[in-house]
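Hi,

Here is the structure I said I would pass on.

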Amino acid sequence: MKKVNLLIVSLFIITSSLFSCSSEFEPIDPAVQFPDDNNDEDNDNGISTGNYWPMAVNNQWVFNENGLPQEPMKIISTQLIDDNTYYKYNNFVGTSTNGAPFSGTVMSRKMNGVYYYRAEVIIPGTPTITVSPLEIIVLKDFLEVDETWTQSLTQTTTVEGSAPVTTSVQIEGKILEREASLTIGSVTYTDIIRVELIQTTQGIINKNYYWFAKDIGLVKYRNVLDGTNTISELQSYTLN
């Protein structure tokens with residue numbers, strides 16, 4: 001079984017913390033949202049300004065996480081859900097060095113200038129913990145610097161043998177830079193949009209930062225959670 005990728009690590013850490021602190025299970029904090037209950041307050045699906053996350057089967061990106069090589073993040077297939085085409089990945093930004101056992105599906109899609117990340121998670125054990133399919137918006141490529149979007153979401157978590165538990169998740173996205181450049185090693189990437197995505201659940205704040213390069217995709221990802229700062233940087237990529 002593969003280790004958990006970085007976004008799912010955040011989910012797993014908070015799950016373990018909340019579950020151990022109470023005799024009754026409390027909902028966990030995802031890095032994702034319900035597609036059906038997506039209340040995106042500013043989702044105007046504006047006209048795209050370019051392709052900042054190329055999606056095609058066999059596209060792959062190879063990252064280092066905090067300097068350590070990770071397995072390629074590769075698009076392995078497509079799937080049609082509610083008339084939307086999703087691109088399925090073998091993982092997201094590689095395999096985390098902080099991994100824990102899980103089973104899950106990670107997908108993405110784009111509609112006009114809006115990019116979505118979708119995941120479902122099963123954490124095995126006694127009891128098994130299941131988070132039903134969730135989805136967030138990670139980029140609106142038509143927004144200008146300092147423009148924002150918000151989402152008010154509902155998460156459902158089920159512990160085996162118990163009734164499902166729901167909780168609210170707040171997402172705040174913001175464009176920090178446009179047409180930026182970033183040097184990783186000997187390579188300089190240009191025409192970058194840098195995004196801040198902050199999620200808040202039960203007072204727990206999970207900060208995510210993305211650097212998307214036009215016609216390349218994600219070139220850097222940073223996660224700040226509970227005092228831990230994890231950085232993933234692109235080493236190579238193959239696009240079809």
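Predicted model: local features only at pLDDT ≥ 70, side-chain atom pairs only at ≥ 80, totals over all residues.

Residues are numbered from 1 along each chain as its sequence is written, and side-chain values use heavy atoms, with hydrogens and water left out.

**The chain overall**

The secondary structure comes to 1 helix and 14 strands; these are DSSP runs numbered from the N terminus, with helices (H or I) of at least four residues and strands (E) of at least two. Of the 240 residues, 49% count as buried, where buried means under 20% relative accessible area, exposed means over 50%, and partly exposed is in between (1.4 Å probe, protein chains only). The chain exposes about 10400 Å², and carbon and sulfur atoms supply 46% of that; the areas come from the Shrake-Rupley method with a 1.4 Å probe, and for residues only the protein chains shown count as cover. Taking contacts between residues at least 6 apart in sequence, 57% join residues at least 24 apart (contact means heavy atoms within 4.5 Å).

**Cores**

The largest nonpolar core has 45 residues, and Trp53, Phe92, Val138, Leu139, Tyr210, Phe212 and Val219 touch the most other members. Strand E10 (residues 165-184) gives the most to this core, with 6 residues. Apart from it lies another core of 6 residues, including Val121, Ile129, Leu134 and Val159. A nonpolar core here is a set of buried Ala, Val, Leu, Ile, Met, Phe, Trp, Tyr and Cys residues joined through side-chain atoms within 4.5 Å.

**Strand E2 and its partners**

Which strands pair with E2? Pairing needs at least two DSSP bridges between two strands. E2 pairs antiparallel with E14 (residues 228-238) over 6 bridges, and Phe63 stands opposite Leu234 there. With E4 (residues 73-81) there are 2 bridges, also antiparallel, and Gln60 faces Lys74 in that strand. E3 (residues 68-69) is another antiparallel partner, again over 2 bridges. E2 and E3 make a hairpin with 2 residues between them, and Asn66 in the turn has a positive phi of about 50°.

Because 5 of its 6 residues are buried, E2 is largely enclosed by the rest of the structure. Asn64 has Pro69 as its bridge partner in E3. Leaving out residues up to four places away in sequence, Asn64 touches Pro69, Gln70, Ile231, Ser232, Glu233 and Gln235.

Most residues other than glycine have a negative phi, and most peptide bonds are trans. The bond between Thr126 and Pro127 is cis, with omega about 0°; Pro127 is in the loop between E7 (114-123) and E8 (129-140).

Asn58, in the loop between E1 (39-40) and E2, has a positive phi of about 80°. With a relative accessible area of 41%, Asn58 is partly exposed. Asp226, in the loop between E13 (217-225) and E14, also has a positive phi, near 55°. At 71% relative accessibility, Asp226 counts as exposed.

Cheers
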